Amino acid sequence: MLDELPIPLDRSAPEPLSVQVADALRAAATGGVLRVSDRLPSSRALAQRLGVSRAVVSTAYDQLHAEGWIAGRRGSGTYLRTAPAAAPPRTAPGAGAVPETGLLDLRPGAPCTDAVDPAAWRRAWRAAGDLPAAARKDRAGEPEFRVTVAEHLLRHRGLVAEPASVLATAGTSAAVAELAAALLRPGDTVAFEDPGYQRAVGAFRAAGVRVLPVPVDDDGLRVDLIPPGVRAVYCTPAHQFPLGARMPAARRVALIEYARAAGVFVIEDDYDGELRYDTAPLPLLAAMAPDVVVHLGTTSKILTTTLGVGWLVARPDITDAVLAHRADTGTGPSLSGQRVLSEFARHGDLARHLRRLRRVVPPRRALVVDALVARGLPVLGDDAGSHVVVQLPDAAAERTAVAAAHERGVLVNGLADNHLGEPHRFGVAIGYTAPSTAELATAVPIAADCLA
């Protein structure tokens with residue numbers, strides 16, 4: 001094997017051949033191809049194999065000997081003297097002997113890609129690929145995309161929005177980051193659901209904005225506990241993340257009245273508002289109060305993360321501020337995802353996909369709920385969205401359940417990970433959209449055992 005060591009030589013390179021030979025042997029040692037005590041070919045044999053003079057190899061060996069890599073043994077040959085230890089195999093923190101990629105993943109937040117019609121998906125990509133390459137992009141988004149989103153919001157979310165009020169985004173977190181940069185200053189404060197969506201927290205904090213926790217009850221964000229002096233309020237009223245509550249009409253009215261009186265704006269993250277299985281969704285905050293509400297939506301929960309696009313709907317001064325920020329920074333969402341979504345919607349495939357989701361997902365949710373209830377576990381959350389929550393009494397019980405499930409090959413998400421400060425709600429969120437029905441049938445009983 002050592003006689004076949006790869007030692008590429010470039011006779012047109014400025015480096016001498018002896019340097020190239022030494023570099024190749026040194027790389028073989030650091031890369032693990034050569035190991036300590038391996039015997040190297042003789043200088044004569046290696047020179048013959050490489051088609052160089054023996055002096056070239058001898059010079060390379062002399063250099064490596066001087067550096068301490070190799071040593072000669074009288075009457076025996078030349079041997080590798082030292083080499084770095086091999087790097088340990090990489091494992092996920094706390095994963096033990098089971099690699100995280102091999103686990104059944106019940107964490108929330110991933111879409112049901114099984115419901116995507118492959119033929120419609122291919123058709124949309126082909127049609128998008130037939131469009132001419134763009135030399136410049138509209139920072140507000142492709143006109144066809146903005147029309148598509150406006151029609152989608154009207155038909156599926158009851159929001160009347162002119163395409164001019166719609167901006168394409170790179171997703172919810174990206175939109176939050178843009179709003180923070182365009183409308184807020186470092187040191188400003190934002191009221192935020194606690195527990196809540198931590199990626200949005202990260203987007204605010206990256207812009208230097210302080211995020212203040214506001215407790216959540218069975219009706220969502222507690223408007224009466226919003227701290228004074230905040231510049232904005234972030235919430236997920238259609239399906240509070242992660243606890244799953246739906247903000248009722250009275251709480252929505254209270255939030256709108258607060259925003260108008262305090263002169264703040266509300267960021268409505270409608271991350272999976274299309275996914276209701278019991279009753280029709282309540283009117284969007286943006287439909288009730290477009291003067292104080294910025295509406296955010298995304299394709300990553302209802303279709304796929306592949307597109308990397310979402311939308312923002314707001315009053316003109318807010319969209320103008322975001323566009324000015326994009327012009328200053330040269331940023332903006334990718335065109336490809338916008339074009340594919342527009343083509344996917346053009347012939348009704350997006351609407352058919354949403355109808356299919358509402359058929360495919362409820363049986364999966366029922367499978368999860370039935371398995372949990374059978375073990376006597378209380379299940380939180382409306383009949384909506386893509387996950388349910390099992391509440392646990394304390395942090396120790398949560399850590400034990402998450403670790404036990406992990407040990408048995410199942411990933412679940414603890415509520416403690418979703419708090420801004422000291423955790424005060426404990427339990428596990430279980431997603432049911434991304435896994436197949438067969439995977440759910442295997443993973444959910446294991447999770448239920450660990451929780452019980």
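## Strand pairing and a domain interface

Alanine 71 stands opposite tyrosine 79 in β3, where strands are DSSP runs of E of at least two residues and helices are runs of H or I of at least four residues, both numbered from the N terminus. This is a predicted model, in which local features need pLDDT of at least 70 and side-chain atom pairs count only at pLDDT 80 or more, while totals for chains, interfaces and linings use all residues. Residues are numbered from 1 along each chain as its sequence is written, and side-chain values use heavy atoms, with hydrogens and water left out.

Strand β2 (residues 70-73) runs antiparallel to β3 and is joined to β3 by four bridges, two strands being paired if DSSP finds at least two bridges between them. Three residues lie between the strands of this β2 and β3 hairpin, and glycine 75 adopts a positive phi near 75° there. Strand β3 (residues 77-80) also pairs with β1 (residues 39-40), again in the antiparallel sense, over two bridges, and in β3 threonine 78 is the residue opposite leucine 40.

On the scale of the whole chain, the protein is divided into domain 1 (17-80), domain 2 (104-109 + 356-451) and domain 3 (118-351), with bounds that come from an automatic or database domain assignment. The centres of domain 2 and domain 3, taken over C-alpha atoms, are 26 Å apart. Between these two domains, 25 residues of domain 2 are in contact with 28 residues of domain 3, contact meaning heavy atoms within 4.5 Å.

Together, domain 2 and domain 3 bury about 2,300 Å², of which 56% is on carbon and sulfur atoms; buried area is the accessible area (1.4 Å probe) that two parts lose on being put together, summed over both. On the domain 2 side, the most area is lost to domain 3 by Arg358, Asn418 and Leu420, which together account for 29% of what that side buries.

Two salt bridges are counted between domain 2 and domain 3, each defined as a side-chain nitrogen of Lys or Arg within 4 Å of a carboxyl oxygen of Asp or Glu. Elsewhere in the description of side chains, aspartate 382 and arginine 276 meet in a salt bridge with an N to O distance of 3.3 Å. The elements that give two or more residues to the side of domain 2 touching domain 3 are α12 (349-374) and β14 (387-391), and α12 supplies the largest share, five residues.
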